[in-house]
Amino acid sequence: MKHLKIVLCLLITGGSLFLSPTLTVAQPSTSLRLSTTGVKTTEELLNKVCNFLKERSTFTVEIDITYDNILQSGEKVQYSAYQKVLVNKPNQLRSDYVGDQRNTSFYYDGKNFTLFNPNLNLYGTKPAPSNLDEAVNNIEEKYGITIPMSNLFVSDPCNAIKSEIQESLYLGSSLVNRESTYHILLVGETRNIQLWISQQEPFVPLKAIITYKDLPESPQYTAMFSNWDFKPEIGSDTFTFSPSEDTFQIEFLPSDKGN
């Protein structure tokens with residue numbers, strides 16, 4: 001393995017999902033349909049989603065992503081990406097991301113994390129905390145690396161969002177890829193989140209849009225979830241990066257947060 005020290009900062013960017021609710025049903029007439037499945041409020045619906053994911057220790061999901069970018073000219077443009085995530089709580093995560101602006105693979109095995117750029121054959125590895133919750137926060141704080149949709153994969157998906165939601169609205173039944181879903185809106189101070197949730201158990205998100213209200217032009221981040229698998233077959237080497245002979249190890253730049 002060649003070893004070359006190159007200072008390079010590799011970023012994984014993206015929206016973190018979920019806020020916490022002060023919940024109301026926006027359209028009482030449509031709430032009757034919710035009650036037929038035992039769910040009467042948006043709070044109950046959101047809790048069902050969060051509790052279900054909280055109880056799943058191992059799963060995989062695929063995410064098709066689009067996100068807005070504001071050019072210096074002020075024009076809004078859109079980029080796309082595809083992400084596959086493999087989760088094995090409490091201390092393993094793999095995220096493979098292929099997009100218009102970057103291609104990266106993230107490995108976390110409970111001891112170290114690695115960020116690999118297959119286009120450049122460059123990777124960086126650093127020690128990481130022993131559980132996924134601490135690792136997600138630590139890696140973001142120290143290195144400025146955020147795993148897209150990471151709030152879905154930690155031990156308590158709702159915990160990170162409870163302080164943000166000011167209002168929660170049920171918008172009705174909406175189609176996602178020709179499938180009927182529950183459509184809710186979570187209103188926060190700086191961002192709104194729309195969620196489309198499956199109407200059949202398990203209640204999982206099938207689509208999410210995050211609108212950043214405090215940024216110019218209010219850009220949006222859209223995630224389409226598919227192929228949720230809660231009994232995946234995952235190889236033992238999935239979460240540990242093994243460099244090939246033609247890859248180069250690099251160092252991360254420190255995060256500029258707080259500067």
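## Exercises on rings, burial and backbone

The lining of the largest cavity is made up of five nonpolar residues, one polar residue and one charged residue (Ala, Val, Leu, Ile, Met, Phe, Trp, Tyr, Cys and Pro count as nonpolar, Asp, Glu, Lys and Arg as charged, and the others, Gly among them, as polar). The model is predicted, so local features need pLDDT of at least 70 and side-chain atom pairs count only at pLDDT 80 or more, while totals for chains, interfaces and linings use all residues. Residues are numbered from 1 along each chain as its sequence is written, and side-chain values use heavy atoms, with hydrogens and water left out.

### Exercise 1: the cavity

Identify which residues line the largest cavity, and state which helix gives the most to its lining.

*Solution.* Begin with the term itself: on a 1 Å grid over the protein atoms alone, a cavity is a set of points where a 1.4 Å probe fits but cannot get out, and lining residues have an atom within 4 Å of a point. One cavity of 30 Å³ or more is present in the structure, and the volume of the largest cavity is about 30 Å³, where a volume is the space filled by probe spheres set on the grid points, which are joined across faces, edges and corners. Next, list the lining, which consists of Phe106, Val136, Ile139, Glu140, Ile145, Thr146 and Ile147. Finally, assign the leading element: helix 3, residues 132-143, contributes three residues, the most to this lining (helices are DSSP runs of H or I with at least four residues, strands are runs of E with at least two, and both are numbered from the N terminus).

### Exercise 2: aromatic pairs

Determine how the rings of Phe113 and Tyr143 are arranged, and then work out why the pair of Trp228 and Phe230 is classed as it is.

*Solution.* Rings of Phe, Tyr and Trp (its six-membered ring) pair if their centres lie within 6.5 Å, with planes under 30 degrees apart counted as stacked, over 60 as edge-to-face and the rest as tilted. Over the whole structure, 16 aromatic pairs are found. For Phe113 and Tyr143, the centres are 5.5 Å apart and the planes stand at 50°, a tilted pair. This pair connects distant parts of the chain, with Phe113 in strand 5 (residues 112-117) and Tyr143 in helix 3, 30 residues apart. Both Phe113 and Tyr143 are buried (buried means under 20% relative accessible area, exposed over 50%, and partly exposed in between, with a 1.4 Å probe and protein chains only). The pair of Trp228 and Phe230 is stacked because its planes lie at 10°, with the ring centres 5.8 Å apart. Trp228 counts as buried because its relative accessibility is 16%, whereas Phe230, at 22%, is partly exposed. Trp228 and Phe230 also belong to a cluster that ring pairs build together with Phe52, Phe59, Phe153 and Phe225.

### Exercise 3: arginines and their partners

Find which ring lies under the charged end of Arg56, and trace the side-chain partners of Arg102 and Arg191.

*Solution.* A charge sits over a ring if NZ of Lys or CZ of Arg is within 6 Å of the ring centre and within 35 degrees of the ring normal. The charged end of Arg56 is placed over the ring of Phe52, 4.3 Å from its centre, and Arg102 lies over the face of Tyr97, 3.5 Å from the ring centre. A polar contact is a pair of N or O atoms within 3.5 Å; within protein, one must be able to donate a hydrogen and the other to accept it, and residues adjacent in sequence count only if both atoms are side-chain atoms. By this test, the side chains of Arg102 and Thr104 are joined at 2.5 Å; Thr104 belongs to strand 4 (residues 103-108) and is buried, at 4% relative accessible area. Arg191, in strand 9, is likewise classed as buried because its relative accessibility is 8%, and its side chain makes a polar contact of 3.1 Å with that of Glu164.

### Exercise 4: backbone geometry

Locate the loops that hold Pro90 and Asn177, and describe the backbone there.

*Solution.* Most residues other than glycine have a negative phi, and most peptide bonds are trans. The bond between Lys89 and Pro90 is cis, with omega about 10°, and Pro90 falls in the loop between strand 2 (76-88) and strand 3 (92-99). Asn177, although not a glycine, has a positive phi of about 50°; it occupies the loop between strand 7 (165-176) and strand 8 (179-188), and is exposed, because its relative accessible area is 62%.

Note on methods:
On a 1 Å grid over the protein atoms alone, a cavity is a set of points where a 1.4 Å probe fits but cannot get out, and a pocket is an open set with protein on both sides within 12 Å along at least five of seven lines; lining residues have an atom within 4 Å of a point.
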